[in-house]
Amino acid sequence: MKKRLGIISLFIILFIAFIAVWNFSYQIGKEEAYIPFERSTEVSSIIPSEKGVFERSEHALDYANMPVDENHQRSLKHYYDNRAYHGAPPSIPHPIKDEMTIGANTCLKCHENGGFTEKFNAYAPVVPHPELVNCRQCHVPTNASGVFRPFEHRSVVAPKAGINNALAGSPPIIPHQIQMHENCLSCHAGPSAPKEIRVTHPERINCRQCHVPNNKEMTDIGTFKRAISNE
Ligand code: HEC
Ligand code: HEC
Ligand code: HEC
Ligand code: HEC
């Protein structure tokens, strides 16, 4: 009896030893195949000054697959008709409710991602700067037209689209400034983008990899002085 117990416990010990050794070598084997990738939620490191380029890039593929609604396209003419000059904040071309005093969420309901607005029969342009929540600090409704006498104000001439390639087929330079234009897809993609500048390749994501800003010399318009007669 004792002998038999001894043999059984010897087998049990051998079995446990086998499991332990096997497990140990299995773990060692696993470690050898271990690659120390750090878990990261960031896509990659982005140059801080180019961060805006990626602001809407999660929607890039959706934009690429979106059909063009021929009947409700904006044009560059329509775009500039609503601006005092190139770079000026566009006026609000539609009625706004009184309680929409500051803006923020009320405006972002339509302008955060755009989309067709039945009552204005147009696509809402996507706001390039949703973080500037005090919308009506800069955007005012159009209340009057034709009340101001034209004067000799030298307006900033808007750059032209379609003539900015060095060679046919090469990426056009960015003809406008980057400030207030960081978020490329907001103006260049989707149904509210003016048709002349709607990008054919929103899915390329890293716009500034190929498109470089215009570094041409600016013309100095001098210091603006108000002409006061009795001075
Ligand atoms: C019900 C949806 C809706 C709401 C709410 C709304 N908008 Fe709009 N907005 C539109 C649409 C649609 C257009 C395009 C009109 C057109 O092109 O004729 C537009 C156009 C504009 C434009 C002109 C953009 C351009 O490029 O010319 C500005 C500026 C603007 N809205 C600002 C605002 C502000 C500020 C608020 C909040 C006080 C606001 N909107 C609330 C739908 C909306
Ligand atoms: C600090 C001033 C300022 C604030 C605040 C501001 N905007 Fe603008 N916005 C501008 C300027 C300037 C432009 C014109 C940029 C350009 O075309 O060069 C513009 C352009 C736009 C456009 C036109 C985009 C296009 O397709 O051309 C929309 C729409 C717009 N803003 C909506 C809003 C909304 C909605 C808010 C509030 C969440 C807001 N803005 C807050 C200054 C401002
Ligand atoms: C506020 C709206 C707006 C934003 C944001 C914007 N653009 Fe533009 N872009 C325009 C307009 C409008 C034109 C047409 C020329 C003009 O009037 O400035 C244009 C023209 C261009 C052109 C020339 C197209 C041609 O056919 O010649 C390129 C390239 C371009 N933009 C690239 C960019 C890139 C890259 C970004 C992001 C860094 C950007 N844009 C952000 C409005 C915008
Ligand atoms: C891999 C390089 C590359 C990247 C990345 C790229 N583009 Fe382009 N882009 C080009 C080339 C090349 C052209 C000229 C296309 C032609 O003439 O057929 C062009 C043309 C354009 C035009 C003129 C209209 C058109 O579509 O032909 C606009 C606007 C534009 N790009 C905006 C953008 C924006 C916004 C982004 C970021 C989403 C972007 N591009 C990313 C290479 C690039």
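What arrangement do the 6 donor atoms around the iron atom of ligand 3 make? The angles that these 6 donor atoms subtend run from 87 to 178 degrees, which makes the arrangement octahedral.

## Basis of the report

This is a predicted model, in which local features need pLDDT of at least 70 and side-chain atom pairs count only at pLDDT 80 or more, while totals for chains, interfaces and linings use all residues. Residues are numbered from 1 along each chain as its sequence is written, chains are lettered from A and ligands numbered from 1 in the order in which they are written, and side-chain values use heavy atoms, with hydrogens and water left out.

## The chain

The protein chain has 6 helices and 2 strands, where helices (H or I, at least four residues) and strands (E, at least two) are DSSP runs numbered from the N terminus. Along the sequence these elements follow the pattern α-α-α-α-β-β-α-α. Of the 231 residues in the protein chain, 19% are buried; buried means under 20% relative accessible area, exposed means over 50%, and partly exposed lies in between, with a 1.4 Å probe and protein chains only.

Cys135, at 16% relative accessibility, counts as buried, and Cys184 is buried with a relative accessible area of 14%. The count of disulfides comes to 0, a disulfide being a pair of cysteine sulfur atoms within 2.5 Å.

## The iron atom of ligand 3

The protein donors of the iron atom of ligand 3 are His176 and His188, each through NE2, and they lie 2.0 Å from it. Donors are N, O and S atoms within 2.8 Å of the metal (3.2 Å for Na, K and Ca), and water is not among the atoms, so sites may look incomplete. The pair links distant parts of the chain, with His176 in the loop between strand 2 (122–124) and helix 5 and His188 in helix 5, 12 residues apart. At 24% relative accessibility, His188 counts as partly exposed.

Six donors count as octahedral, and four as square planar, if opposite donors are over 155 degrees apart and all others between 65 and 115; four donors count as tetrahedral if all angles lie between 85 and 135 degrees, and anything else is irregular. Ideal angles are 90 or 180 degrees for six octahedral donors, and 109.5 degrees for four tetrahedral ones.

## The surroundings of ligand 3

Around ligand 3 there are 24 residues, of which Tyr80, His176, Cys184, Cys187 and His188 come nearest; a residue is near a molecule or strand if one of its heavy atoms lies within 4 Å of it. An oxygen atom of ligand 3 is 2.4 Å from an N or O atom in the side chain of Tyr80, and an oxygen atom of the ligand is 2.7 Å from an N or O atom in the side chain of Asn164. Helix 3, helix 5 and helix 6 are the elements that give two or more residues to this shell, and its largest share, 4 residues, comes from helix 5. By class, the shell has 13 nonpolar, 9 polar and 2 charged residues, where Ala, Val, Leu, Ile, Met, Phe, Trp, Tyr, Cys and Pro count as nonpolar, Asp, Glu, Lys and Arg as charged, and the others, Gly among them, as polar.

Tyr80 also has a protein partner, for its side chain makes a polar contact with the side chain of His86 (3.0 Å). A polar contact is a pair of N or O atoms within 3.5 Å; within protein, one must be able to donate a hydrogen and the other to accept it, and residues adjacent in sequence count only if both atoms are side-chain atoms. His86 lies in the loop between helix 3 (76–81) and helix 4 and, at 17% relative accessibility, counts as buried.

## Ligand 4

His201 lies in the loop between helix 5 (184–188) and helix 6 (207–210) and His211 in the segment after helix 6, so the pair ties together parts that are 10 residues apart in sequence. A polar side-chain atom of Thr200 lies 2.8 Å from an oxygen atom of ligand 4, and the shell around this ligand divides into 10 nonpolar, 8 polar and 1 charged residues.
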